[in-house]
Amino acid sequence: MQTSRMGAAKPVMMTIRLFIAALTAVVLAACSQTQQEVNVLQPEKPVPPVRNKGEGKPVRPAKPRTTPTRAPSVTVAAPRPFVPRKPGHRVSHVNVPGKYVAVTFDDGPNSVYTPQVLDIFKRHGARATFFVLGENAARNKSILARAAAEGHEIANHTSSHIKMTSKSRQAVAREIERTSEIIKSATGFYPTTMRPPYGATNPPLVEMMYNDYGMYSILWDIDTRDWQHPGVSTVVQRAVGKAQPGSIILLHDIHASTLSAVEEIVVGLQARGFKLVTVSQLIEMGRRAAGVTEPEVPAAPAAGTPPAVAAPAPEGGAAPEGESAAEGAAVPAAEPVPAGAGESVLGGSSGEVAPSPVEPAPEPVL
Ligand code: NI
C-alpha cells in the first residue's frame, strides 16, 4: 500500500512542480516587460564629460545657444529703387559711361546756407544729394521738402553725427531710424542712401544698412576738405579739377566758405561737360551700364555711348586728413576686381573703412 500510495502521489507532485515552474516563468516574463517599459521612460544617460589630454578640468559639451531675437524694424522699410546684384554695397565711386558726377553736402541742412545752395543748383539746372543729420533736419523740414521737390536727394547721415563703428547696433539703429523718419515726414520718402559720419563703417554695418533699411552706404572719391577752410579757390580746384565720370564729391553745407565756392564748383563742373546728378541717379546709371556687359567687370560702356573715362587712380602719399581717410577705398574703374564681387559694378568696395576722428563736429546752426 505504501508503495502504491507513493506511486499515486508522484504524478500529483510532478503536476505541482510543473505548475510552479510555469508560474515562475510567467512572473519573470512580466517583470522583464515592466523593466523594459520603465527603461523607455527614463531619460537618456547624460553625456560623460570629455577630458582633454593634459588638462585637468573636464570639458562638457557646449550648450546650444539661443539666438536672441531682434525686434524687426518695420518702421523704416525703405523702398528700393534698384535691385542690387549683391546686398550690402558700399559705394565711393560709380563706373558710368558718361560725364556724370554727384555733388554731395553733409551735416546740414543749415537754415542759412542750404537754401542758398538750393538757389544756386536751381539756377544751373543741377542736382545734389544732401546727407542730413536728423537733429538738423528736424529743425529744417521745410528746407528738406523744398530740396526734394526740386529733384535733389535727401539721404541719411545719422541723427547726431555718431561714429557708428564705436556704437552698439541698437544705438546705430536708433540714430538711423530717427533720421529716416524725419526725412520721410518732410519729403514723403524714406532715404535709400546713407553716409556714415567720418566714413567710419565696416562690412557688418554696411550689411545692416542695406538689409534693415534698404540703404546703400555712400562714401566719396573726392574730398574737398572744405571744413578746413582752405580757401574758395582751393575748394573749387579740388572739386572741379579732380572730377572724373562717376565721381562722388564731398562738401558740407554748414560753412560760409563752402557756400562761397558752390557756384564756381557747379559752373566749373558743367564747363568741363559734367552733368550733376544725385547719388542714386549715378548708381542707377552704373547699374544699367554694368547690366550691358554682365558678368564682366569693370563694366564697359554700351555700344553707341561715349567711352567711359578711367576713374582716378588712388592718390599716393599719406592719407589726407578728415573723412578723406576713406578715399583710398575707392576702386578705380581700371583695376581688376575678383569675379563675383558685385561691388565692382558700381565701383565701390566692401572693405572696412579706416575711421577718422579728425572731422570736427558739425558747427551749430546759425
Ligand atoms: Ni559728417
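User: Over how many bridges do strand 4 and strand 10 pair?

Analyst: This is a predicted model. Strand 4 covers residues 100-106. One of its residues, Asp106, has His252 of strand 10 as bridge partner. Strand 4 and strand 10 run in the parallel sense, and the number of bridges is 5.

User: In strand 10, which residue is the bridge partner of Ile222?

Analyst: Strand 9 (residues 222-223) also pairs with strand 10 in the parallel sense, over 2 bridges. Ile222 has its bridge partner in strand 10, and that partner is Ile249.

User: How many residues of strand 10 are buried?

Analyst: In a regular strand, side chains alternate between the two faces of the sheet. In strand 10, Ile248, Leu250 and His252 point one way, Ile249 and Leu251 point the other way, and all are buried. Strand 10 (residues 248-252) is therefore largely enclosed by the rest of the structure, with a buried count of 5 of the 5 residues.

User: Which residues touch the most other members of the largest nonpolar core?

Analyst: Nonpolar side chains tend to be buried together in soluble globular proteins. The largest nonpolar core here has 71 residues. Ile249 touches residues including Val101, Val103, Trp220, Ile222 and Ala243, leaving out those up to four places away in sequence. The residues that touch the most other members are Ile249, Ile265 and Leu276.

User: Are helix 2 and helix 8 roughly parallel or roughly antiparallel?

Analyst: Two packed helices are described by the angle between their axes and the distance between the axes. For helix 2 (residues 113-123) and helix 8 (residues 256-271), the axes come within 10 Å and cross at roughly 5 degrees. Angles under 35 degrees count as roughly parallel. The two helices, helix 2 and helix 8, are therefore roughly parallel.

User: How many nonpolar, polar and charged residues are in the contact of helix 2 with helix 8?

Analyst: Helix 2 brings Tyr113, Gln116, Val117, Ile120 and Phe121 to the contact, and helix 8 meets them with Ala256, Leu259, Val262, Glu263 and Val266. By class, the contact of helix 2 with helix 8 has 8 nonpolar, 1 polar and 1 charged residues.

User: Does Gly268 count as buried or partly exposed?

Analyst: Gly268 is found in helix 8. Beyond its neighbours within four places in sequence, Gly268 is in contact with Val236 and Val240. A residue is buried if 20 or more other C-beta atoms lie within 10 Å of its own. Gly268 has 17 C-beta neighbours inside 10 Å, so it counts as partly exposed.

User: Which residue in strand 6 stands opposite Phe130?

Analyst: Strand 5 (residues 128-132) and strand 6 pair in the parallel sense over 4 bridges. Strand 6 (residues 153-156) is covered on both faces, with Glu153 and Ala155 buried on one side and Ile154 and Asn156 buried on the other. The residue of strand 6 opposite Phe130 is Ile154.

User: Which strands and helix do the buried residues of helix 6 pack against?

Analyst: In helix 6 (residues 203-213), the buried residues are Leu205, Val206, Met208, Met209, Tyr210 and Tyr213. Helix 6 is followed by Gly214, whose phi is positive, near 65 degrees. The buried residues of helix 6 pack against strand 3, helix 5, strand 7 and strand 8.

User: What percentage of contacts between residues at least 6 apart join residues at least 24 apart?

Analyst: The protein has 9 helices and 11 strands. Of its 366 residues, 42% count as buried. Among contacts between residues at least 6 apart in sequence, the share joining residues at least 24 apart is 80%.

Notes: Residues numbered from 1 in each chain as written. Predicted model: local features only at pLDDT ≥ 70, side-chain atom pairs only at ≥ 80, totals over all residues. Buried ≥ 20, exposed ≤ 12 C-beta atoms within 10 Å, placed from the backbone. Contact = placed C-beta atoms within 7 Å. Axes fitted to C-alpha atoms, helices over the stretch in contact; angles between N-to-C directions. Parallel < 35°, antiparallel > 145°, perpendicular 65-115°, else oblique. Nonpolar A, V, L, I, M, F, W, Y, C, P; charged D, E, K, R; others polar. Core = buried A, V, L, I, M, F, W, Y, C linked by C-beta atoms within 7 Å. Pairing = 2+ DSSP bridges.
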